[in-house]
Amino acid sequence: MIVVNNKEKLEWYEGMTVQDVLDKMGYVYPRITVSVNDRLVQKEDYTTYEVPDNASVNVFHLAHGG
Amino acid sequence: MATKTKAGPTKYEISINGKAATVVEGTYLLKAVMDAGFNVPTLCHHKDLTPNGTCRLCLCEVEVNGKKRLVTACNYPVRGEITVNTSTEEVKKHRKNLAEMYLGRWPNVEAIQNIAKLCGATDKEKYKSELTDENPKACILCGHCVRACSSFMIQDILGFAGRGIKRHLTMPFGDVDPHCVGCTSCGYVCPTGAIQITDDMNNPVDPELIRRHGMKVNAEMATLDKLQNRMREVGTANIVEVMDAYDLLPVHNFKFGKHPDTPKIDSKVMTRDYFTQGAADACWLGCSMACAKAVDGFELKTGPYKGQKVVVDGPEYETAAGGSNMGGFDLDFIVEYNFYCDTYGIDTISFATTMAFVMEAFEAGIITEEHTGGKKLNFGAMDEALECLHEMARGEGFGVEVGQGVRRLKEKWVKELGADPDFLNDIGMEVKGLEFSEYVSKESLAQQAGYAMAIKGPQHDEAWLIFIDMVNNQIPSMEDKAEALYYFPLFRIWFGLLGLCKIVWNDVAPADNSKYPPQEAAKIPEHVENYWKFFEGMTGIPVNEEKMLLQAERVFNLQRLMSYYFGRGTREDDLPPLRAIGPATVEEYLSREERYDKQMKEEIGIDPEGKTVEEKLAITRDHRFKQYNIVLDASYKRRGWDENGVPTIERLKQIGIDIPEVLALLEKPEQ
């Protein structure tokens, strides 16, 4: 089990990447910052960076509307 | 070894002077070399400008599949596993020769002298000729200014003319181009001082300070916007599809947050089929963001200009989202109502939100064709909505009623038609008599309060906190929300008073903004600082967060007191309709039943099992109003207002506006 933004819980599986988490959450916004257990993950690593079980994933949307 | 993954970028392991480096495909070699800690001389390169390889000083040797060749590193994209050597004997020989030629032509320019030193070139005489220019501030034809004009300002005022030894910098036809707005980008990037800024309009105290921060803004527009929100390409409309994806796009009078037909009105369609203009001239001549867009040659299908081809300014996000709110998933309709609202002087947001309310009332049977002049005003009735708009402008028929707005329609239908006031108050999307702008706020308490507490009514320009609150969960506690509802309205009021635009504050962000902790990052600290420096550069008065908030708070409290004086500034005026804070109907509850049931179980602590939808709706309603009132209390407290939302005398004293004229506003006139 992993927790996204200290709120949403997702089932964890072997090989789960940051991109898998973003897909699962429906996070399509272009300006986001992702950290896994407080470690910043670069955009080019989203598809390769594996999220460990029990991880806390923060996906920070730098939203600009309004 | 190249690593390719399903959707990610390809990366290559490359060797630079024997040192291994991992580089994302397409990275320019100069950047890779610099990142690896090696220095390569260059004259024409500038970190914020498109590389063009003209000075050729950044030559490096690249080995691909055993074949060696020289390339200009600044514009050589890495596309494979390569071995790089930045200083072979051959490379050094070429660089020295080039540097000697530069030195021969511009012997006294400091930038050239520095480069010559780096490349071991000392002989000023070797290439001395009739072209030699002894001016220490001579133009060295690096092209920084030409590229800055083009990439920062989307203009081509400056350019090169002539070939070979006759090449020179000029404006078109050698004359001063009237299109030049004097942005000073060219002077800013000029490495020699050949371009000097001699006139500073409006007499700023420190023009250099303003320029320094203004150029940061320009550079971000040129380099980051295309990777972030594409404001230059599509303007604010880029968030139509984003709002749909996050269930925030208003559909059918804010009932829902997404719709299968959204792709018909998203920014991709606008860019492909509609937008023809996007230059730095639409709202502020010389703006490097140039987010305003326009549609040329649009043939109108209705109204007094039917059949004529017109230019339409927009559509922006709110106008497109007004379309989905009315069920009008057709850009022809959206562009047409956009044009006529502009032409008639009607706000697109108020029109769309009122029309969506009318449509729901029509579908609920509160009004019928008898009241609408025969128009069937179901959601998606685009021709009929346009007819209402034309009637409104002509002062005829049902359109006149629509033009009164949501609040008066509610009052009228209760009084004249005996409509259920509770239902109309639940679904009528207005606060303080102003219609909601186009975001679904149901899942963000902070946004609900940001809307409903806004002094002018539910407009997003005080506090737009949906993502910070609902998606990022950055302000989880009531106190956190209250703090955001304190800071953001004040910051936005402050820069609004200065006449600064919101867009360059947070529609683009510095590449390293993520270095700040999330709550700070949301403020975009470097851009807030830009605004402080603009203020300081203009007035000579330094400003920081404390001073800024104090300046803004005085105005904000004065505004609130004036609202109070005129009867619109107490707690009851800050209460939103049910639909703004949660599901208002069975249909809405059922459309997101899983979400609401889960919330009931986890947040309210009531098991939804075995309850009717009506019961669940009532429980959700009570809970959400309670939560709303808690956030309202916390915000009033943070702002120094009493529980009725009125600024306290103590607070007015603290911020230094407890003068008799202000205190007199606390005495309400006789209503």
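This is a predicted model: local features need pLDDT of at least 70, side-chain atom pairs count only at pLDDT 80 or more; totals for chains, interfaces and linings use all residues.
View 1. Chain B holds 30 helices and twelve strands, and its C-alpha trace spans about 95 × 60 × 55 Å along the principal axes. Of the 671 residues in chain B, 43% are buried, and among contacts with a separation of 6 or more, 62% join residues 24 or more positions apart. The domain assignment divides chain B into domain 1 (11–87), domain 2 (231–435) and domain 3 (445–666).

**View 2. The contact between domain 2 and domain 3 of chain B.** The C-alpha centres of domain 2 and domain 3 of chain B are 26 Å apart, and their contact draws 17 residues from domain 2 and 23 residues from domain 3. Helix H17 (residues 421–427) of chain B supplies three residues, the largest share of the domain 2 side that touches domain 3. By class, that side of domain 2 of chain B consists of eleven nonpolar, three polar and three charged residues.

**View 3. Nonpolar cores of chain B.** The largest nonpolar core has 150 residues, and those with the most contacts inside it are Cys145(B), Cys149(B), Val240(B), Met355(B), Met359(B), Ala385(B) and Leu485(B). Domain 2 (231–435) and domain 3 (445–666) of chain B both contribute residues to this core, so it lies between them. A second, separate core of 35 residues includes Leu29(B), Ile82(B), Trp106(B) and Ile112(B). Once neighbours within four places in sequence are left aside, Met355(B) is in contact with Met326(B), Ala385(B), Cys388(B) and Val402(B).

**View 4. Helix H14 of chain B and its surroundings.** The 13 residues of helix H14 (residues 382–394) of chain B should span 18 Å at 1.5 Å a residue, which agrees with the 18 Å between its end C-alpha atoms. Buried in H14(B) are Met382(B), Glu384(B), Ala385(B), Leu386(B), Glu387(B), Cys388(B), Leu389(B) and Met392(B). The cover over these buried residues includes helix H11 (331–344), helix H12 (348–363) and helix H15 (397–402) of chain B. Just after H14(B), Gly395(B) adopts a positive phi of about 75°.

View 5. Most residues other than glycine have a negative phi, and most peptide bonds are trans. The peptide bond from Gly314(B) to Pro315(B) is cis, with omega near -5°, and Pro315(B) sits in the loop between strand S10 (309–313) and helix H10 (317–325) of chain B. Leu141(B), in the loop between helix H3 (110–118) and helix H4 (144–153) of chain B, has a positive phi near 60° although it is a residue other than glycine. Phe254(B), which is not a glycine either, has a positive phi of about 65° and lies in the loop between helix H8 (239–245) and helix H9 (267–274) of chain B. Leu141(B) is partly exposed, with 19 other C-beta atoms within 10 Å, whereas Phe254(B) is buried, with 26 other C-beta atoms within 10 Å.

**View 6. Chain A and its contact with chain B.** The contact takes 22 residues from chain A and 28 residues from chain B, and the chain A side comprises eight nonpolar, eleven polar and three charged residues. Chain A has a mean pLDDT of 90, with 97% of its residues at 70 or more.

Notes:
Residues are numbered from 1 along each chain as its sequence is written. Chains are lettered from A and ligands numbered from 1 in the order in which they are written. A nonpolar core is a set of buried Ala, Val, Leu, Ile, Met, Phe, Trp, Tyr and Cys residues joined through C-beta atoms within 7 Å. A residue is buried if 20 or more other C-beta atoms lie within 10 Å of its own, exposed if 12 or fewer, and partly exposed in between; C-beta atoms are placed from the backbone. Domain bounds come from an automatic or database domain assignment. Two residues are in contact if their C-beta atoms, placed from the backbone, lie within 7 Å. Ala, Val, Leu, Ile, Met, Phe, Trp, Tyr, Cys and Pro count as nonpolar, Asp, Glu, Lys and Arg as charged, and the others, Gly among them, as polar. pLDDT is the predictor's confidence in each residue, from 0 to 100. Helices (H or I, at least four residues) and strands (E, at least two) are DSSP runs, numbered from the N terminus. The expected span of a helix is 1.5 Å times one less than its number of residues.
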